[in-house]
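Work through the exercises below with the sequence and the 3D structure open. Each task is followed by a solution in steps.

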Amino acid sequence: MNAIVGDHDILLVTLDTLRHDVAVELAEQGRLPSLARHLPDGRWEERHAPGSFTYASHQAIFAGFLPTPAGPGPHPRLFAASFAGSESTAPGTFVYDTPDLVSGLAGQGYRTVCIGGVGFFNGQGPLGSVLPGLFQESHWEPEFGVTSPHSFEHQIDRAEQVIAGLPAEQRLFLFVNVSALHQPNWFHLPGATREAGDTRQTHAAALEYVDRHIGRLFAAAASRRRCFAIVCSDHGTAYGDDGYTGHRLGHECVWTVPYAHFILEPAEAHR
């Protein structure tokens with residue numbers, strides 16, 4: 001990461017609430033062509049979330065604690081605050097002397113931009129301002145939120161505007177919290193109804209919706225230079241698993257998440 005930070009732009013995308021099993025199933029069935037093209041060997045990596053709901057997980061992620069590989073560790077981290085005795089800080093880890101990754105990258109000359117999705121990024125009130133407040137620039141509109149059937153398209157529109165407005169030499173750390181997977185998501189499945197509510201199937205349909213558009217985000221992120229991209233879930237969610245519904249609970253379907261990181265080449269912008 002020490003060769004990437006300062007040279008590449010960096011994109012972090014959290015597919016909020018995405019279940020690992022659904023992500024793997026759709027990739028194996030060929031239903032995620034845009035994402036699978038970039039996933040190493042076309043596969044998601046199984047990892048454990050650092051928190052069971054959005055706020056907790058993102059606080060950890062922004063402190064450098066990305067989802068942890070599911071096998072026994074210790075696992076070297078990509079990013080870490082300077083911390084005596086850290087067993088997950090390795091020679092390849094980008095180490096910063098600030099409390100969080102966002103300000104650490106800002107200290108390396110990055111423009112830090114948040115494009116919010118779920119309510120913890122809406123800037124409305126003190127709690128909704130904590131996470132976006134880490135960034136030099138943050139954006140949220142109701143059209144980016146969980147109730148919008150076209151939320152991800154609107155978020156990408158804003159990302160394209162932000163990137164187009166940057167000087168060519170300015171490095172960018174762009175964070176996008178994708179709200180489309182989060183409930184309510186019933187409207188992404190043709191024929192589903194509000195009365196029937198959200199299901200594992202509507203969750204899958206929401207991921208297919210994201211896949212149809214994420215290529216445009218990748219193209220924008222790689223339009224100026226090479227971009228190091230991280231795409232992962234912050235936590236999963238239950239749809240009746242063992243009687244559980246939702247998240248902020250300790251079920252396997254909540255703690256197990258899909259993860260990938262890869263390089264986006266500038267040529268992606270022209271494909």
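**Exercise 1. How many nonpolar, polar and charged residues are in the lining of the largest cavity?**

Step 1. Sort the lining by class: it has eight nonpolar, one polar and two charged residues. Here Ala, Val, Leu, Ile, Met, Phe, Trp, Tyr, Cys and Pro count as nonpolar, Asp, Glu, Lys and Arg as charged, and the others, Gly among them, as polar.

Step 2. Note the basis of the model. It is predicted: local features need pLDDT of at least 70 and side-chain atom pairs count only at pLDDT 80 or more, while totals for chains, interfaces and linings use all residues. Residues are numbered from 1 along each chain as its sequence is written, and side-chain values use heavy atoms, with hydrogens and water left out.

Step 3. Find the space. One cavity of 30 Å³ or more is present, and the largest cavity holds about 60 Å³. On a 1 Å grid over the protein atoms alone, a cavity is a set of points where a 1.4 Å probe fits but cannot get out, whereas a pocket is an open set with protein on both sides within 12 Å along at least five of seven lines; lining residues have an atom within 4 Å of a point. Grid points are joined across faces, edges and corners, and a volume is the space filled by probe spheres set on the points.

Step 4. Assign the lining to elements. β1, β8 and α7 each give two or more residues, and β1 gives the most, with three. Helices (H or I, at least four residues) and strands (E, at least two) are DSSP runs, numbered from the N terminus. Among the lining residues are Asp 9, Leu 172, Ala 220 and Cys 227.

**Exercise 2. Describe how α6 and α7 pack.**

Step 1. Take the axes: those of α6 (residues 151-164) and α7 come within 10 Å and cross at roughly 5 degrees. Axes are lines fitted to C-alpha atoms, for helices over the stretch in contact, and angles run from 0 to 180 degrees between N-to-C directions.

Step 2. Classify the angle. α6 is therefore roughly parallel to α7. Angles under 35 degrees count as roughly parallel, over 145 as roughly antiparallel, 65 to 115 as roughly perpendicular and the rest as oblique.

Step 3. Sort the contact, meaning heavy atoms within 4.5 Å. Its residues divide into ten nonpolar, two polar and four charged. Including Phe 152 and Ile 163 on α6, they meet residues of α7 such as Leu 217 and Ala 221.

**Exercise 3. At what angle do α1 and α7 cross?**

Step 1. The axes of α1 (residues 20-28) and α7 (residues 200-221) come within 10 Å and cross at roughly 60 degrees.

Step 2. The two helices are therefore oblique to each other.

Step 3. The contact residues divide into five nonpolar, one polar and four charged. Val 22 and Leu 26 are among those of α1, and Ala 204 and Leu 207 among those of α7.

**Exercise 4. Which residues lie nearest the centre of the largest pocket?**

Step 1. The largest pocket has a volume of about 220 Å³.

Step 2. Of its 15 lining residues, Leu 66, Pro 69, His 75, Pro 76 and Arg 77 lie nearest the centre.

Step 3. β3 (68-69) and β12 (256-264) are the elements that give two or more residues to the lining.

**Exercise 5. Where is Pro 74 found?**

Step 1. Pro 74 is in the loop between β3 and β4 (79-81).

Step 2. A cis peptide bond joins Gly 73 to Pro 74, with omega about 10 degrees.
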